[in-house]
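Here are my notes for you, as numbered points. Have the model open beside you as you read.

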Amino acid sequence: MPTVAGKRRKVRFPLAHLKTAPLATQHQQQQQRHKPKRPGKPSTGESLSGKMASPARRIPALFTQPPPIRDPLVTETIDLQDATMNKCLPFLKGVADSQPGPFNACGVPALQRDDHIAYLYDSLEDYPAGFVAMDASRPWMVYWALAGLTLLGESVSRVNQRVMTSLRPMQNRTGGFGGGHGQTSHLASSYAAILSLAMVGTPDAFALVDRQAMWRWLGRLKQADGGFRVCEGGEEDVRGAYCATVIISLLDLPLALPPDSAAREAGFENLTDGLAEYLSRCQSFEGGISGSPGVEAHGAYAFCALACLAILGPPEQTIARHMNLPLLLSWLSARQYAPEGGFSGRTNKLVDGCYSHWVGGCWPLLQSALDGKPQADKPPTTVGSLFSREGLARYILSCCQHPVGGLRDKPGKHADSYHTCYVLTGLSATQHVHYRTDSSPCSHKNFAAAFSWQFTPTNPEEDVFEKYDRLTAFHPLFVVPHDAARKMRLWFEGEPFAN
Ligand code: FPP
Ligand code: K
Ligand code: ZN
(Lines give C-alpha, C1' and ligand atoms only; values in the text may rest on other atoms or scores of the structure.)
(Ligands and ions follow the chains in the order given, each with its own letter.)
Protein backbone atom coordinates (compact mmCIF):
# COMPACT_ATOMS: atom_id res chain seq x y z
CA MET A 1 0.00 0.00 0.00
CA PRO A 2 1.32 3.45 -0.78
CA THR A 3 1.97 5.61 2.23
CA VAL A 4 2.06 9.33 2.76
CA ALA A 5 5.10 10.36 4.64
CA GLY A 6 6.99 13.56 4.80
CA LYS A 7 6.63 17.12 5.93
CA ARG A 8 3.26 18.04 7.31
CA ARG A 9 1.54 21.16 6.17
CA LYS A 10 -0.87 22.98 8.44
CA VAL A 11 -3.97 23.37 6.33
CA ARG A 12 -7.32 23.31 8.04
CA PHE A 13 -10.74 24.79 7.55
CA PRO A 14 -10.69 28.08 9.43
CA LEU A 15 -12.89 27.77 12.51
CA ALA A 16 -14.50 31.16 11.82
CA HIS A 17 -16.21 29.66 8.75
CA LEU A 18 -18.04 27.10 10.81
CA LYS A 19 -21.53 27.74 12.06
CA THR A 20 -21.02 25.65 15.17
CA ALA A 21 -17.91 24.68 17.07
CA PRO A 22 -16.40 21.58 15.47
CA LEU A 23 -16.70 18.37 17.44
CA ALA A 24 -13.00 18.43 18.14
CA THR A 25 -13.36 21.70 20.00
CA GLN A 26 -16.38 20.43 21.89
CA HIS A 27 -14.35 17.38 22.67
CA GLN A 28 -11.44 19.42 24.01
CA GLN A 29 -13.81 21.28 26.30
CA GLN A 30 -15.17 17.95 27.42
CA GLN A 31 -11.65 16.73 28.04
CA GLN A 32 -11.00 19.73 30.28
CA ARG A 33 -14.15 18.92 32.25
CA HIS A 34 -13.36 15.22 32.57
CA LYS A 35 -9.64 15.58 33.15
CA PRO A 36 -8.36 12.08 33.77
CA LYS A 37 -7.59 11.48 37.40
CA ARG A 38 -3.92 10.83 36.90
CA PRO A 39 -2.44 13.20 34.32
CA GLY A 40 1.21 12.26 34.98
CA LYS A 41 3.21 9.66 33.12
CA PRO A 42 3.38 6.20 34.63
CA SER A 43 6.99 5.13 35.06
CA THR A 44 6.39 1.37 34.89
CA GLY A 45 3.49 -0.95 35.41
CA GLU A 46 4.84 -1.77 38.88
CA SER A 47 4.95 1.78 40.23
CA LEU A 48 1.54 2.80 38.96
CA SER A 49 -0.50 1.74 41.95
CA GLY A 50 1.82 3.58 44.35
CA LYS A 51 1.25 6.87 42.52
CA MET A 52 -2.46 6.59 42.02
CA ALA A 53 -4.95 8.76 43.81
CA SER A 54 -7.87 6.53 42.83
CA PRO A 55 -8.06 2.73 42.84
CA ALA A 56 -5.38 1.80 40.37
CA ARG A 57 -5.69 -0.53 37.43
CA ARG A 58 -2.08 -1.44 36.82
CA ILE A 59 -0.78 -2.05 33.35
CA PRO A 60 -0.82 -5.85 33.29
CA ALA A 61 2.66 -7.41 33.03
CA LEU A 62 1.46 -8.99 29.75
CA PHE A 63 1.88 -5.54 28.18
CA THR A 64 5.08 -4.42 29.93
CA GLN A 65 7.31 -7.54 29.90
CA PRO A 66 8.94 -9.62 27.15
CA PRO A 67 7.10 -12.89 26.52
CA PRO A 68 8.02 -15.59 29.04
CA ILE A 69 8.50 -18.25 26.35
CA ARG A 70 11.12 -17.62 23.69
CA ASP A 71 12.20 -19.47 20.57
CA PRO A 72 15.89 -20.30 21.11
CA LEU A 73 16.55 -20.14 17.35
CA VAL A 74 17.97 -16.73 16.39
CA THR A 75 17.06 -15.54 12.91
CA GLU A 76 16.75 -12.20 11.14
CA THR A 77 12.99 -12.16 11.81
CA ILE A 78 13.49 -12.89 15.54
CA ASP A 79 16.00 -10.02 15.78
CA LEU A 80 13.54 -7.69 14.07
CA GLN A 81 10.78 -8.85 16.39
CA ASP A 82 12.96 -8.15 19.46
CA ALA A 83 13.88 -4.70 18.13
CA THR A 84 10.20 -3.91 17.51
CA MET A 85 9.19 -5.08 20.98
CA ASN A 86 11.95 -2.95 22.56
CA LYS A 87 10.76 0.06 20.55
CA CYS A 88 7.16 -0.46 21.71
CA LEU A 89 7.80 -1.20 25.41
CA PRO A 90 8.45 2.43 26.55
CA PHE A 91 5.25 3.49 24.71
CA LEU A 92 3.23 0.71 26.32
CA LYS A 93 4.59 1.71 29.74
CA GLY A 94 3.88 5.37 28.96
CA VAL A 95 7.45 6.54 29.50
CA ALA A 96 8.50 7.42 25.91
CA ASP A 97 9.72 11.04 25.57
CA SER A 98 7.66 11.77 22.44
CA GLN A 99 4.40 10.54 23.98
CA PRO A 100 1.83 13.19 24.82
CA GLY A 101 -0.49 12.58 27.81
CA PRO A 102 -2.69 12.73 29.65
CA PHE A 103 -2.74 9.09 30.75
CA ASN A 104 -5.79 7.53 32.36
CA ALA A 105 -6.00 5.22 35.36
CA CYS A 106 -5.22 2.25 33.09
CA GLY A 107 -1.98 3.91 31.99
CA VAL A 108 -3.42 4.54 28.50
CA PRO A 109 -2.87 7.92 26.80
CA ALA A 110 -5.86 9.97 25.59
CA LEU A 111 -6.79 10.02 21.90
CA GLN A 112 -5.30 13.20 20.35
CA ARG A 113 -8.57 13.72 18.52
CA ASP A 114 -8.08 17.31 17.42
CA ASP A 115 -4.57 16.65 16.04
CA HIS A 116 -5.83 13.64 14.04
CA ILE A 117 -8.71 15.70 12.63
CA ALA A 118 -6.28 18.45 11.59
CA TYR A 119 -3.98 15.83 10.02
CA LEU A 120 -6.82 14.37 7.92
CA TYR A 121 -8.12 17.75 6.69
CA ASP A 122 -4.54 18.53 5.72
CA SER A 123 -4.37 15.22 3.79
CA LEU A 124 -7.07 16.58 1.43
CA GLU A 125 -4.90 19.54 0.38
CA ASP A 126 -2.05 19.85 -2.15
CA TYR A 127 0.93 17.50 -2.16
CA PRO A 128 4.55 18.24 -3.05
CA ALA A 129 6.02 16.68 -6.23
CA GLY A 130 7.52 13.77 -4.30
CA PHE A 131 4.03 12.36 -3.82
CA VAL A 132 3.48 11.75 -7.55
CA ALA A 133 3.04 8.00 -6.98
CA MET A 134 -0.13 8.82 -5.03
CA ASP A 135 -1.69 10.08 -8.28
CA ALA A 136 -2.99 6.53 -8.86
CA SER A 137 -4.67 6.45 -5.43
CA ARG A 138 -6.82 9.59 -5.54
CA PRO A 139 -10.12 7.89 -4.57
CA TRP A 140 -8.27 6.18 -1.72
CA MET A 141 -6.95 9.52 -0.41
CA VAL A 142 -10.54 10.77 -0.39
CA TYR A 143 -11.85 7.60 1.28
CA TRP A 144 -9.17 7.45 4.01
CA ALA A 145 -9.74 11.10 4.93
CA LEU A 146 -13.56 10.89 4.94
CA ALA A 147 -13.58 7.60 6.85
CA GLY A 148 -11.06 8.86 9.43
CA LEU A 149 -12.88 12.15 9.93
CA THR A 150 -16.23 10.37 10.25
CA LEU A 151 -14.79 7.97 12.84
CA LEU A 152 -13.52 11.00 14.77
CA GLY A 153 -17.03 12.47 14.85
CA GLU A 154 -16.54 15.16 12.19
CA SER A 155 -19.32 15.90 9.72
CA VAL A 156 -17.82 15.64 6.25
CA SER A 157 -20.68 17.55 4.57
CA ARG A 158 -18.51 20.61 4.02
CA VAL A 159 -16.33 18.64 1.57
CA ASN A 160 -19.28 17.03 -0.29
CA GLN A 161 -18.91 19.17 -3.40
CA ARG A 162 -15.12 18.75 -3.52
CA VAL A 163 -15.48 14.96 -3.25
CA MET A 164 -17.94 14.82 -6.16
CA THR A 165 -15.85 17.23 -8.27
CA SER A 166 -12.77 15.07 -7.64
CA LEU A 167 -14.38 11.70 -8.33
CA ARG A 168 -16.51 12.58 -11.38
CA PRO A 169 -13.62 12.81 -13.90
CA MET A 170 -12.14 9.52 -12.67
CA GLN A 171 -15.20 7.52 -13.74
CA ASN A 172 -14.73 5.89 -17.16
CA ARG A 173 -17.52 5.56 -19.75
CA THR A 174 -16.59 1.88 -19.97
CA GLY A 175 -17.48 1.47 -16.27
CA GLY A 176 -15.71 1.90 -12.95
CA PHE A 177 -13.33 4.49 -11.54
CA GLY A 178 -9.62 4.83 -12.23
CA GLY A 179 -7.07 5.83 -9.61
CA GLY A 180 -6.58 9.23 -11.27
CA HIS A 181 -7.59 11.28 -14.28
CA GLY A 182 -7.29 9.34 -17.54
CA GLN A 183 -6.43 6.10 -15.75
CA THR A 184 -7.86 2.61 -16.36
CA SER A 185 -10.71 1.57 -14.07
CA HIS A 186 -9.62 -0.56 -11.12
CA LEU A 187 -11.74 -2.38 -8.53
CA ALA A 188 -9.77 -0.93 -5.61
CA SER A 189 -10.21 2.68 -6.74
CA SER A 190 -13.85 1.98 -7.63
CA TYR A 191 -14.40 0.58 -4.11
CA ALA A 192 -12.83 3.68 -2.54
CA ALA A 193 -14.90 5.96 -4.80
CA ILE A 194 -18.21 4.21 -4.03
CA LEU A 195 -17.56 4.21 -0.28
CA SER A 196 -16.62 7.90 -0.42
CA LEU A 197 -19.90 8.67 -2.21
CA ALA A 198 -21.74 6.61 0.44
CA MET A 199 -20.23 8.85 3.12
CA VAL A 200 -21.27 11.97 1.17
CA GLY A 201 -24.70 10.33 1.25
CA THR A 202 -26.70 12.71 -0.99
CA PRO A 203 -28.82 11.79 -4.06
CA ASP A 204 -26.51 13.77 -6.38
CA ALA A 205 -23.53 11.80 -5.05
CA PHE A 206 -25.35 8.50 -5.71
CA ALA A 207 -26.59 9.68 -9.13
CA LEU A 208 -22.99 10.35 -10.17
CA VAL A 209 -22.42 6.59 -10.54
CA ASP A 210 -23.03 5.01 -13.96
CA ARG A 211 -24.25 1.68 -12.61
CA GLN A 212 -25.16 0.19 -16.02
CA ALA A 213 -21.56 0.69 -17.20
CA MET A 214 -20.30 -0.57 -13.81
CA TRP A 215 -22.33 -3.80 -14.21
CA ARG A 216 -21.04 -4.44 -17.74
CA TRP A 217 -17.46 -3.75 -16.59
CA LEU A 218 -17.84 -6.20 -13.66
CA GLY A 219 -19.08 -8.76 -16.18
CA ARG A 220 -15.77 -8.39 -18.02
CA LEU A 221 -13.74 -8.82 -14.79
CA LYS A 222 -15.52 -12.03 -13.74
CA GLN A 223 -13.30 -15.08 -14.32
CA ALA A 224 -13.98 -18.70 -15.20
CA ASP A 225 -12.79 -19.88 -11.73
CA GLY A 226 -15.36 -17.71 -9.94
CA GLY A 227 -13.08 -14.81 -8.91
CA PHE A 228 -12.61 -11.27 -10.26
CA ARG A 229 -9.66 -9.54 -11.89
CA VAL A 230 -8.90 -6.12 -10.34
CA CYS A 231 -8.87 -4.51 -13.80
CA GLU A 232 -9.16 -5.62 -17.42
CA GLY A 233 -6.02 -7.61 -18.20
CA GLY A 234 -4.92 -7.32 -14.55
CA GLU A 235 -4.42 -9.79 -11.72
CA GLU A 236 -7.17 -11.82 -10.10
CA ASP A 237 -7.22 -11.86 -6.28
CA VAL A 238 -9.46 -11.63 -3.21
CA ARG A 239 -9.31 -7.83 -3.25
CA GLY A 240 -11.16 -8.07 -6.55
CA ALA A 241 -13.73 -10.45 -5.03
CA TYR A 242 -14.38 -8.20 -2.02
CA CYS A 243 -14.42 -4.87 -3.88
CA ALA A 244 -16.75 -6.26 -6.58
CA THR A 245 -19.16 -7.68 -3.98
CA VAL A 246 -19.24 -4.41 -2.03
CA ILE A 247 -20.06 -2.53 -5.26
CA ILE A 248 -22.70 -5.02 -6.45
CA SER A 249 -24.47 -5.02 -3.06
CA LEU A 250 -24.35 -1.26 -2.37
CA LEU A 251 -25.42 -0.27 -5.90
CA ASP A 252 -28.04 -3.08 -5.94
CA LEU A 253 -26.76 -4.25 -9.33
CA PRO A 254 -28.50 -7.14 -11.10
CA LEU A 255 -26.92 -10.46 -10.13
CA ALA A 256 -27.20 -11.79 -13.68
CA LEU A 257 -24.01 -11.66 -15.72
CA PRO A 258 -24.25 -9.32 -18.72
CA PRO A 259 -25.10 -11.35 -21.87
CA ASP A 260 -21.62 -10.85 -23.37
CA SER A 261 -19.67 -11.89 -20.23
CA ALA A 262 -17.05 -14.54 -21.05
CA ALA A 263 -17.73 -16.11 -17.62
CA ARG A 264 -21.01 -17.43 -19.08
CA GLU A 265 -18.89 -19.84 -21.12
CA ALA A 266 -17.70 -21.36 -17.81
CA GLY A 267 -21.33 -22.15 -17.02
CA PHE A 268 -21.93 -19.18 -14.71
CA GLU A 269 -25.14 -17.16 -14.84
CA ASN A 270 -24.58 -14.74 -11.96
CA LEU A 271 -21.76 -12.39 -10.94
CA THR A 272 -21.56 -14.23 -7.61
CA ASP A 273 -21.52 -17.81 -9.00
CA GLY A 274 -18.46 -19.80 -7.92
CA LEU A 275 -17.17 -16.91 -5.79
CA ALA A 276 -17.46 -18.57 -2.36
CA GLU A 277 -15.77 -21.71 -3.76
CA TYR A 278 -12.95 -19.54 -5.16
CA LEU A 279 -12.47 -17.91 -1.71
CA SER A 280 -12.45 -21.33 -0.08
CA ARG A 281 -9.49 -22.28 -2.29
CA CYS A 282 -7.63 -19.21 -0.91
CA GLN A 283 -7.44 -20.65 2.63
CA SER A 284 -3.83 -21.78 3.09
CA PHE A 285 -2.29 -24.71 4.98
CA GLU A 286 -1.76 -22.31 7.93
CA GLY A 287 -5.48 -21.56 8.15
CA GLY A 288 -5.12 -17.95 7.02
CA ILE A 289 -6.29 -16.61 3.68
CA SER A 290 -4.06 -15.66 0.78
CA GLY A 291 -4.55 -13.25 -2.12
CA SER A 292 -5.07 -16.13 -4.53
CA PRO A 293 -4.94 -19.93 -4.23
CA GLY A 294 -1.55 -21.39 -3.29
CA VAL A 295 0.30 -18.36 -1.92
CA GLU A 296 1.08 -16.99 1.56
CA ALA A 297 -1.80 -16.13 3.91
CA HIS A 298 -2.07 -12.45 4.88
CA GLY A 299 -4.41 -10.51 7.19
CA ALA A 300 -5.43 -7.95 4.57
CA TYR A 301 -6.61 -10.74 2.27
CA ALA A 302 -8.27 -12.57 5.16
CA PHE A 303 -10.48 -9.53 5.75
CA CYS A 304 -11.31 -9.26 2.05
CA ALA A 305 -12.29 -12.94 1.83
CA LEU A 306 -14.31 -13.09 5.07
CA ALA A 307 -16.10 -9.79 4.42
CA CYS A 308 -16.90 -10.95 0.88
CA LEU A 309 -18.38 -14.22 2.22
CA ALA A 310 -20.38 -12.29 4.85
CA ILE A 311 -21.84 -10.05 2.11
CA LEU A 312 -22.73 -13.07 -0.02
CA GLY A 313 -24.83 -14.53 2.81
CA PRO A 314 -25.14 -15.16 6.56
CA PRO A 315 -21.63 -15.86 7.99
CA GLU A 316 -22.86 -18.99 9.82
CA GLN A 317 -23.57 -20.35 6.33
CA THR A 318 -21.03 -18.74 4.01
CA ILE A 319 -17.97 -18.54 6.28
CA ALA A 320 -18.75 -21.71 8.19
CA ARG A 321 -19.25 -23.75 4.99
CA HIS A 322 -16.34 -22.42 2.97
CA MET A 323 -13.62 -22.11 5.59
CA ASN A 324 -11.99 -24.53 8.01
CA LEU A 325 -12.95 -22.61 11.17
CA PRO A 326 -10.60 -24.24 13.74
CA LEU A 327 -7.62 -23.64 11.45
CA LEU A 328 -8.71 -20.06 10.72
CA LEU A 329 -9.19 -19.40 14.45
CA SER A 330 -5.71 -20.69 15.18
CA TRP A 331 -4.02 -18.55 12.50
CA LEU A 332 -6.03 -15.43 13.36
CA SER A 333 -5.24 -15.80 17.08
CA ALA A 334 -1.54 -16.01 16.26
CA ARG A 335 -1.73 -12.54 14.66
CA GLN A 336 -2.04 -10.77 18.04
CA TYR A 337 1.30 -10.26 19.79
CA ALA A 338 2.27 -9.60 23.40
CA PRO A 339 3.56 -7.38 24.86
CA GLU A 340 2.72 -5.13 21.88
CA GLY A 341 -1.01 -5.95 21.80
CA GLY A 342 -1.32 -5.15 18.08
CA PHE A 343 -1.65 -7.51 15.12
CA SER A 344 0.82 -8.72 12.49
CA GLY A 345 -0.29 -9.45 8.95
CA ARG A 346 1.44 -12.82 8.60
CA THR A 347 3.58 -15.44 10.33
CA ASN A 348 6.99 -14.22 11.55
CA LYS A 349 6.28 -10.60 10.71
CA LEU A 350 5.81 -7.48 12.82
CA VAL A 351 2.84 -5.71 14.39
CA ASP A 352 1.49 -2.85 12.29
CA GLY A 353 -1.33 -0.47 13.21
CA CYS A 354 -3.19 -0.92 9.91
CA TYR A 355 -3.84 -4.58 10.76
CA SER A 356 -6.01 -3.27 13.60
CA HIS A 357 -8.59 -3.16 10.83
CA TRP A 358 -7.53 -5.87 8.38
CA VAL A 359 -7.05 -8.48 11.12
CA GLY A 360 -9.19 -6.82 13.83
CA GLY A 361 -12.06 -6.63 11.33
CA CYS A 362 -11.97 -10.41 10.82
CA TRP A 363 -12.94 -11.09 14.46
CA PRO A 364 -16.59 -9.97 14.42
CA LEU A 365 -17.10 -11.91 11.17
CA LEU A 366 -15.63 -15.12 12.56
CA GLN A 367 -17.53 -14.57 15.82
CA SER A 368 -20.78 -14.21 13.87
CA ALA A 369 -20.02 -17.44 11.94
CA LEU A 370 -19.52 -19.25 15.26
CA ASP A 371 -22.54 -17.67 16.97
CA GLY A 372 -24.90 -19.12 14.38
CA LYS A 373 -28.29 -17.98 13.13
CA PRO A 374 -29.51 -14.82 14.88
CA GLN A 375 -32.60 -15.48 17.01
CA ALA A 376 -34.20 -12.03 16.87
CA ASP A 377 -33.44 -8.36 16.58
CA LYS A 378 -31.17 -8.48 19.64
CA PRO A 379 -27.59 -9.43 20.58
CA PRO A 380 -27.10 -13.20 20.22
CA THR A 381 -25.92 -15.70 22.77
CA THR A 382 -22.33 -15.45 21.77
CA VAL A 383 -18.97 -17.19 21.94
CA GLY A 384 -17.80 -13.73 23.09
CA SER A 385 -14.79 -11.67 22.15
CA LEU A 386 -12.10 -13.89 20.69
CA PHE A 387 -9.19 -11.42 20.77
CA SER A 388 -7.79 -9.08 23.42
CA ARG A 389 -9.64 -5.79 22.98
CA GLU A 390 -7.52 -4.38 25.77
CA GLY A 391 -4.28 -5.32 23.99
CA LEU A 392 -5.35 -3.75 20.71
CA ALA A 393 -6.63 -0.55 22.36
CA ARG A 394 -3.35 -0.24 24.28
CA TYR A 395 -1.26 -0.72 21.12
CA ILE A 396 -3.30 1.82 19.18
CA LEU A 397 -3.44 4.56 21.82
CA SER A 398 0.07 4.05 23.19
CA CYS A 399 2.11 3.17 20.09
CA CYS A 400 0.23 4.38 16.99
CA GLN A 401 -0.47 8.06 17.72
CA HIS A 402 2.08 10.32 16.04
CA PRO A 403 2.99 13.17 18.41
CA VAL A 404 2.05 15.85 15.84
CA GLY A 405 -1.18 14.15 14.68
CA GLY A 406 -2.14 11.27 12.43
CA LEU A 407 -1.70 7.60 13.22
CA ARG A 408 1.03 5.19 12.19
CA ASP A 409 2.21 1.62 11.71
CA LYS A 410 4.44 1.61 14.83
CA PRO A 411 6.71 3.91 16.89
CA GLY A 412 9.42 5.49 14.74
CA LYS A 413 7.23 5.58 11.59
CA HIS A 414 5.60 8.59 9.95
CA ALA A 415 1.83 8.96 10.05
CA ASP A 416 -0.10 8.69 6.76
CA SER A 417 -3.75 8.86 5.91
CA TYR A 418 -4.00 5.12 5.12
CA HIS A 419 -2.76 4.19 8.61
CA THR A 420 -4.80 6.99 10.21
CA CYS A 421 -7.96 5.57 8.64
CA TYR A 422 -7.36 1.91 9.40
CA VAL A 423 -5.89 2.36 12.90
CA LEU A 424 -8.99 4.38 13.82
CA THR A 425 -11.27 1.80 12.17
CA GLY A 426 -9.58 -0.83 14.36
CA LEU A 427 -9.97 1.31 17.48
CA SER A 428 -13.67 1.74 16.72
CA ALA A 429 -13.99 -2.05 16.30
CA THR A 430 -12.49 -2.63 19.78
CA GLN A 431 -15.02 -0.13 21.19
CA HIS A 432 -18.16 -1.77 19.77
CA VAL A 433 -19.72 -5.21 19.69
CA HIS A 434 -21.02 -6.04 16.20
CA TYR A 435 -23.65 -8.72 15.72
CA ARG A 436 -26.19 -9.84 13.14
CA THR A 437 -29.95 -9.72 13.59
CA ASP A 438 -32.72 -11.48 11.66
CA SER A 439 -34.07 -8.25 10.15
CA SER A 440 -32.86 -6.21 7.19
CA PRO A 441 -34.11 -2.95 5.67
CA CYS A 442 -33.69 -4.31 2.11
CA SER A 443 -36.75 -4.78 -0.12
CA HIS A 444 -35.47 -8.04 -1.63
CA LYS A 445 -33.25 -10.89 -0.49
CA ASN A 446 -30.04 -10.18 -2.45
CA PHE A 447 -27.34 -9.52 0.17
CA ALA A 448 -30.01 -8.89 2.84
CA ALA A 449 -27.75 -10.50 5.49
CA ALA A 450 -25.07 -7.86 4.83
CA PHE A 451 -27.49 -5.13 5.91
CA SER A 452 -28.67 -6.90 9.07
CA TRP A 453 -25.72 -5.92 11.32
CA GLN A 454 -26.19 -3.96 14.54
CA PHE A 455 -23.81 -2.81 17.26
CA THR A 456 -23.63 -1.86 20.92
CA PRO A 457 -20.82 -0.03 22.71
CA THR A 458 -18.53 -2.20 24.85
CA ASN A 459 -19.01 -2.21 28.63
CA PRO A 460 -17.31 0.94 30.05
CA GLU A 461 -16.32 -1.07 33.16
CA GLU A 462 -14.02 -3.15 30.99
CA ASP A 463 -12.76 -0.39 28.67
CA VAL A 464 -9.17 0.79 29.00
CA PHE A 465 -9.99 4.06 27.12
CA GLU A 466 -12.04 7.00 28.40
CA LYS A 467 -15.65 7.40 27.29
CA TYR A 468 -14.92 10.61 25.34
CA ASP A 469 -12.38 8.63 23.27
CA ARG A 470 -15.09 6.37 21.84
CA LEU A 471 -15.32 6.68 18.02
CA THR A 472 -18.22 6.35 15.58
CA ALA A 473 -19.19 2.72 14.89
CA PHE A 474 -18.46 1.46 11.36
CA HIS A 475 -20.24 -1.26 9.42
CA PRO A 476 -18.08 -4.40 9.71
CA LEU A 477 -18.39 -5.23 5.98
CA PHE A 478 -18.68 -1.88 4.21
CA VAL A 479 -16.26 0.10 6.45
CA VAL A 480 -18.44 3.24 6.45
CA PRO A 481 -21.11 4.18 9.03
CA HIS A 482 -24.04 1.71 9.17
CA ASP A 483 -26.43 4.47 8.05
CA ALA A 484 -24.29 5.39 5.05
CA ALA A 485 -24.33 1.82 3.74
CA ARG A 486 -28.07 1.38 4.30
CA LYS A 487 -28.96 4.74 2.75
CA MET A 488 -26.97 4.05 -0.41
CA ARG A 489 -28.46 0.60 -0.87
CA LEU A 490 -32.04 1.84 -0.30
CA TRP A 491 -31.57 4.71 -2.76
CA PHE A 492 -30.38 2.37 -5.51
CA GLU A 493 -33.20 -0.10 -4.77
CA GLY A 494 -35.57 2.69 -5.78
CA GLU A 495 -33.78 3.48 -9.05
CA PRO A 496 -34.78 1.72 -12.27
CA PHE A 497 -31.97 -0.29 -13.89
CA ALA A 498 -32.02 -0.14 -17.70
CA ASN A 499 -29.53 -2.55 -19.23
C1 FPP B 1 2.27 -7.01 2.63
O2 FPP B 1 2.98 -5.87 2.81
C3 FPP B 1 0.85 -6.66 2.30
C4 FPP B 1 0.07 -7.36 1.49
C5 FPP B 1 0.58 -8.58 0.83
C6 FPP B 1 -1.37 -6.99 1.24
C7 FPP B 1 -1.72 -5.52 1.22
C8 FPP B 1 -3.15 -5.28 0.97
C9 FPP B 1 -3.91 -4.43 1.68
C10 FPP B 1 -3.32 -3.67 2.82
C11 FPP B 1 -5.37 -4.18 1.48
C12 FPP B 1 -6.07 -4.74 0.30
C13 FPP B 1 -7.52 -4.50 0.38
C14 FPP B 1 -8.33 -3.85 -0.48
C15 FPP B 1 -9.75 -3.68 -0.14
C16 FPP B 1 -7.86 -3.28 -1.75
P17 FPP B 1 4.33 -5.84 3.65
O18 FPP B 1 5.22 -6.98 3.28
O19 FPP B 1 4.89 -4.46 3.51
O20 FPP B 1 3.81 -5.96 5.15
P21 FPP B 1 3.95 -7.16 6.23
O22 FPP B 1 5.39 -7.30 6.54
O23 FPP B 1 3.18 -6.63 7.41
O24 FPP B 1 3.33 -8.40 5.65
K1 K C 1 3.38 -3.79 7.00
ZN1 ZN D 1 0.58 -0.84 7.81
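1. Let's start at Ala305. Setting aside neighbours within four places in sequence, Ala305 is in contact with Val238, Leu279, Cys282 and Ile289; two residues are in contact if their C-beta atoms, placed from the backbone, lie within 7 Å. Ala305, Leu306 and Cys308 are the residues that touch the most other members of the largest nonpolar core, which has 140 residues. Helix 12 (residues 299-312) gives the most to this core, with 13 residues. A nonpolar core here is a set of buried Ala, Val, Leu, Ile, Met, Phe, Trp, Tyr and Cys residues joined through C-beta atoms within 7 Å. A residue is buried if 20 or more other C-beta atoms lie within 10 Å of its own, exposed if 12 or fewer, and partly exposed in between, with C-beta atoms placed from the backbone.

2. A word on what you are looking at. This is a predicted model, in which local features need pLDDT of at least 70 and side-chain atom pairs count only at pLDDT 80 or more, while totals for chains, interfaces and linings use all residues. Residues are numbered from 1 along each chain as its sequence is written, chains are lettered from A and ligands numbered from 1 in the order in which they are written.

3. How confident is the predictor? The chain averages a pLDDT of 90, and 89% of the residues score at least 70; pLDDT is the predictor's confidence in each residue, from 0 to 100. The model scores ipTM 0.98 and pTM 0.91. Please read residues 1-56 with care: pLDDT stays under 50 there, and the model has 89 contacts beyond four places in sequence for this stretch.

4. Now the overall make-up. The chain contains 19 helices and two strands; helices (H or I, at least four residues) and strands (E, at least two) are DSSP runs, numbered from the N terminus. Buried residues make up 50% of the 499 residues. Among contacts with a separation of 6 or more, 71% are between residues 24 or more positions apart.

5. The UniProt record, an unreviewed entry, carries the annotation "domain: Prenyltransferase alpha-alpha toroid" over residues 111-477. Such annotations may be inferred rather than shown by experiment, and their positions are given in the numbering used here, with feature names shortened. Over residues 111-477 the chain is 41% helix and 3% strand, and the end C-alpha atoms are 25 Å apart.

6. Helix 16 (residues 362-371) deserves a look. Nine of its 10 residues are buried, so helix 16 is largely enclosed by the rest of the structure. Among the buried ones are Trp363, Leu365, Gln367 and Asp371. They pack against helix 12, helix 13 (315-322), helix 14 (325-333), helix 18 (417-431) and strand 1 (432-436). Just after helix 16, Gly372 takes a positive phi of about 85 degrees.

7. Which residues are closest to ligand 1? Of the 14 residues that surround ligand 1, the closest are Ala188, Arg239, Ala300, Gly345 and Lys349; a residue counts as near if its C-beta atom, placed from the backbone, lies within 6 Å. Helix 7 (187-200), helix 10 (238-250) and helix 12 each give two or more residues to this shell, and helix 10 gives the most, with three. By class, the shell has eight nonpolar, two polar and four charged residues. Ala, Val, Leu, Ile, Met, Phe, Trp, Tyr, Cys and Pro count as nonpolar, Asp, Glu, Lys and Arg as charged, and the others, Gly among them, as polar.

8. Some backbone details are worth checking. Most residues other than glycine have a negative phi, and most peptide bonds are trans. The peptide bond from Gly101 to Pro102 is cis, with omega near -5 degrees, and Pro102 is in the loop between helix 3 and helix 4 (113-122). The bond from Ala338 to Pro339 is also cis, with omega near 5 degrees; Pro339 is in the loop between helix 14 and helix 15 (355-358).

9. Two residues have positive phi values. Asp252 has phi near 50 degrees and is buried, because 22 other C-beta atoms lie within 10 Å. Asn348 has phi near 65 degrees and is exposed, because 11 other C-beta atoms lie within 10 Å.
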